[in-house]
Amino acid sequence: MATSGAPDMRTKLGRAKGLGSAHHGVGHWWLQRVTAVALMPLTIWFINSLVASLLSDNYLKVQQWLASPINATCMVLLLVAGFTHARLGAQVVIEDYVKSPVAKYTLLLLNTFLCYGFAAICIIAILKLHFLDVATST
Amino acid sequence: MPNVQRPTSPHLTVYRWQISMTLSILHRATGLALYFGTPVIVLWLVTAAYDPAHYEDFHRLMKSGIGEFCLLGWTASFYYHLCNGIRHLFWDIGAGFELKQIDRSGWAVVFLTFLLTAYTLHTAFTQATGQ
């Protein structure tokens with residue numbers, strides 16, 4: 001950013017892109033904040049739903065709850081935002097504490113794959129319940 | 001890359017304890033705890049969707065001593081991470097950096113965590129026994 005009077009030495013393209021000298025990083029920071037804000041209502045809704053309707057050992061009730069359009073949609077959003085937020089958070093932790101390159105990059109890959117993998121498994125399970133007929137109890 | 005042991009400046013041995021230090025590392029610790037709790041959500045959804053015959057077993061596992069201990073831990077971790085996370089978001093927009101504000105908001109987070117965890121615990125307990 002040019003201070004008043006001093007010439008700005010950045011090219012126009014550089015200024016337009018708005019990246020710092022590292023050319024990346026703020027995207028990670030911003031996405032962490034966006035997912036955090038999204039997770040605020042989603043997690044509260046989820047905990048409330050858990051306590052209100054999902055403590056039963058009757059799997060039919062749970063399946064029906066998950067299959068309903070609003071619940072399924074909110075669950076998918078929760079999982080996407082949640083696993084993204086978790087992946088980003090774990091990434092910084094790994095980068096902070098793991099110094100050996102072999103260990104660090106292994107863990108970073110593992111983190112990414114696990115987060116996407118778990119998200120995929122969960123989302124497909126929910127979609128399965130939503131699209132395939134769930135036996136109704138009544 | 002040379003693995004030379006470089007000297008580092010002291011930290012934990014020299015700084016006076018402040019609530020902000022503890023809350024900061026707790027934010028990371030609770031984040032990690034929640035991260036390692038995600039497989040339980042996966043297990044729950046997979047059991048419900050693909051293996052409902054074993055859903056009762058899953059339920060029993062969650063209601064066991066170790067299960068309830070973990071659930072309590074995750075509930076507390078979640079509420080702490082949520083409240084302190086909101087505290088972080090205020091800092092991100094530039095608000096609340098005065099030392100007094102940091103102290104007060106910090107203690108508010110601790111208080112809220114206890115309150116919300118207790119509330120959820122109570123509601124879950126009355127719900128479970130009422131079924």
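Visitor: Leaving aside neighbours within four places in sequence, which residues is Thr47(B) in contact with?
Guide: This is a predicted model. Beyond those sequence neighbours, Thr47(B) is in contact with Pro52(B), His54(B), Tyr55(B) and Phe58(B). Thr47(B) itself belongs to helix 1 of chain B.

Visitor: Is Thr47(B) buried or exposed?
Guide: Thr47(B) counts as buried, because its relative accessible area is 9%, and buried means under 20%.

Visitor: What about the surface: which residues form a nonpolar patch there?
Guide: The patch is formed by Leu12(B), Val14(B), Tyr15(B), Trp17(B), Met21(B) and Trp107(B), which together have about 730 Å² of accessible area.

Visitor: And where is the place of Trp17(B)?
Guide: Trp17(B) is in the segment before helix 1 of chain B, a helix that covers 19–50.

Visitor: Changing topic, how many residues of chain A are in contact with chain B?
Guide: There are 38 from chain A, in contact with 31 residues of chain B. The two chains bury about 3000 Å² between them, with 73% of it on carbon and sulfur atoms. Val51(A), Leu55(A) and Asp57(A) supply 17% of the area that chain A buries against chain B, more than any other three residues.

Visitor: How many salt bridges are found across that interface?
Guide: The rule finds 2 salt bridges between chain A and chain B. Arg33(A) forms a salt bridge with Asp92(B), and their closest N and O atoms are 2.6 Å apart.

Visitor: Which elements of chain A give two or more residues to the side that touches chain B?
Guide: They are helix 2 (26–53), helix 3 (59–67), helix 4 (69–97) and helix 5 (101–131) of chain A.

Notes. Residues are numbered from 1 along each chain as its sequence is written. Chains are lettered from A and ligands numbered from 1 in the order in which they are written. This is a predicted model: local features need pLDDT of at least 70, side-chain atom pairs count only at pLDDT 80 or more; totals for chains, interfaces and linings use all residues. Side-chain values use heavy atoms; hydrogens and water are left out. Patches are made of residues with over 30% relative accessible area and no salt bridge: like charges are joined within 9 Å, nonpolar side chains (Val, Leu, Ile, Met, Phe, Trp, Tyr) within 5 Å. Accessible areas come from the Shrake-Rupley method with a 1.4 Å probe; for residues, only the protein chains shown count as cover. A salt bridge is a side-chain nitrogen of Lys or Arg within 4 Å of a carboxyl oxygen of Asp or Glu. Helices (H or I, at least four residues) and strands (E, at least two) are DSSP runs, numbered from the N terminus. Buried means under 20% relative accessible area, exposed over 50%, partly exposed in between (1.4 Å probe, protein chains only). Contact means heavy atoms within 4.5 Å. Buried area is the accessible area (1.4 Å probe) that two parts lose on being put together, summed over both.
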